[in-house]
Every structure is written in structure tokens, then in C-alpha cells.
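Hi,

Here is the structure I promised to pass on.

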Amino acid sequence: MERWSGRVAVVTGASAGIGASIAAELTKKGLQVVGLARRSEKIEEISRSLGSVKGKLYAVKCDVSKEADVKEAFKWVKDNLGVVDILVNNAAVAHDSSIIDGPNEGLKEMLDLNVLGLSMCTKEALQLMKEKGVDDGHIIHINSDVGHKPPGGRYTMYCTTKHAVTALTEGLRRELVQQKSKIRVTSLSPGLVKTEMPAEEFLKMCPSLNPEDVADAVMYVLGVPPHVQIHELTIIPVGQH
């Protein structure tokens, strides 16, 4: 991780859970980290709690599902820090919303945030990397193990959005190869994690990971040599079915 010290990372959904853990750990490793979230005051609290670490955590208010917000957030990054070296697309939402009888608003929110929001952030980051001549950057999509299983039940749309992330990761990798770029892209797929997202009954019944476990996996992915690309990494708690 030493080669990333002093460089710039953007983490979406950084106000709680997985995103908060990733943003905090990157800051401890000496990076300049921009946390994007609707609840930017939560990121400010995290920044203050870190004390005197090597890096710095900035809070930028942003609803990743809104194009105007995404463009404004990356403009802030460019104007204040100049560049993006790492993007962690973590922001996502899951609704118990049936395809058969669930409300359309929930279905649309999942598509807008989990797929389109991720794609818009990726596009803005890559454009800034290209503009600034960054050819060793890294895009990490926080996917899910359900992005590799047949979707079913009332969470079908959520599973579908994560299948889309799996496809987007491979599609982007191929585009970057065609451009002879050394920018890497990784899909990181955790199993159940103790965050605000899963229903409480799931967390009581099933083994689960901690957000810090996912942050550790991100550090591993970033820490491998520049010629190595971890394209897909799945981590699940011991005992998960």
C-alpha cells in the first residue's frame, strides 16, 4: 500500500458501514480520501474520529443516483485535489421489493443507484484519470455474492443489479485492455455484512462479515503488484450457505 500514500481515492456511500470502513482505512494508509454520501455530516464525524493519521478524509455531499450531484462532486475533487487515482463504488441500496407486486419506486431506486450511479461515477473518474495522465489507477466495484447466483424471491431486482455490476466489471476491463490502459478494475463480492442494509432477521439467523473485513479485502486488492489484476474476489463468512 506504500505506493498509494499521498494519492487520491474517492469512496461512494462513505457515511456508514462498508464505505465508512473503507474510507477510514484508506485515510490511515496515508491517502487523500473523498467520501461521497447524502449524509456528509456522518463522514465529517468519521474524519474527526481518526485524529492525527497520515492521510485526510474529506466529506462531499452527493446523491450518487443523481447525475448533477455526481458531476459536481467530481468537479470538487478536480478543483481541490486535482485528480482521482482510486475509485471505490460502494453506494448501493436493497429493497424487499417483488417484481410481481412491489412498488415501482423501489425498483427504480435500485437501478438508479446500484447500476447507473456506479456507472456515472466510473465514467467521471476515468475521464479525470485520462485528463491527468493517470495510467495506474484502480476502480473497485463493491458487488455482492448474490451477483453470481440465480436471483430469486423478493430481492430479485437487487440481485439483478449486482449481476449487472459483474457484467460491467468485465465490460470495463475489456475496454481498458483495448485502449492499452494499465488502469485496473475489480469486482469485490462480499456475502452478508453487518451494515444498515440487511434486514435484522437475516443478521440474527445467518453468519455475517464485519465492514472491516471488506475494507481489509480492498487493501489486499490495492496492495498487489501493479502488473496483477484481481478481477473478482468473493469473501463470505464461515458457515454461510
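**What I found**

Leaving out residues up to four places away in sequence, V146 touches Y158, C159, K162 and H163, where contact means heavy atoms within 4.5 Å. You'll find V146 in the loop between β5 and α5. Its C-alpha atom is separated by 19 Å from that of K204, which is 58 residues along the chain from V146.

Before going on, a word on where this comes from: it is a predicted model, in which local features need pLDDT of at least 70 and side-chain atom pairs count only at pLDDT 80 or more, while totals for chains, interfaces and linings use all residues. Residues are numbered from 1 along each chain as its sequence is written, and side-chain values use heavy atoms, with hydrogens and water left out.

**The chain as a whole**

The chain has 7 helices and 7 strands. These are DSSP runs numbered from the N terminus, with helices being H or I of at least four residues and strands being E of at least two. Reading along the sequence, you get β-α-β-α-β-α-β-α-β-α-β-α-α-β.

How does the radius of gyration sit with a compact globule of 241 residues? It agrees, because such a globule would come out near 18 Å and the chain has 17 Å. That radius is taken over C-alpha atoms, and the globule rule is 2.2 Å times the number of residues to the power 0.38. The C-alpha trace spans about 45 × 45 × 35 Å along its principal axes.

Of the 241 residues, 51% are buried; buried means under 20% relative accessible area, exposed over 50%, and partly exposed in between, using a 1.4 Å probe and protein chains only. The accessible surface is about 11,700 Å², and carbon and sulfur atoms account for 53% of that. These areas come from the Shrake-Rupley method with a 1.4 Å probe, and for residues only the protein chains shown count as cover. If you take contacts between residues at least 6 apart in sequence, 69% join residues at least 24 apart.

**The second largest pocket**

This one has a volume of about 440 Å³. The elements giving two or more residues to its lining are α4 (104-131) and α5 (156-178), and α4 gives the most, with 8 residues. The lining comes to 19 residues, with L126, L172, E175, L176 and Q179 nearest the centre. By type, the lining splits into 8 nonpolar, 7 polar and 4 charged residues. Here Ala, Val, Leu, Ile, Met, Phe, Trp, Tyr, Cys and Pro count as nonpolar, Asp, Glu, Lys and Arg as charged, and the others, Gly among them, as polar.

For the terms: on a 1 Å grid over the protein atoms alone, a pocket is an open set of points where a 1.4 Å probe fits, with protein on both sides within 12 Å along at least five of seven lines, and lining residues have an atom within 4 Å of a point. Grid points are joined across faces, edges and corners, and the volume is the space filled by probe spheres set on the points.

- H141 is in strand β5 (residues 138-142) and is buried, at 1% relative accessibility. Among the residues H141 touches are N89, L118, T122 and L172. V88 is 53 residues from H141 in sequence, yet 6.0 Å away, C-alpha to C-alpha.
- Q127 is in helix α4 and counts as partly exposed, at 42%.
- K180 is in the loop between α5 and β6 (184-190) and is exposed, at 72%. K180 has a positive phi of about 55 degrees although it is not a glycine.

Cheers
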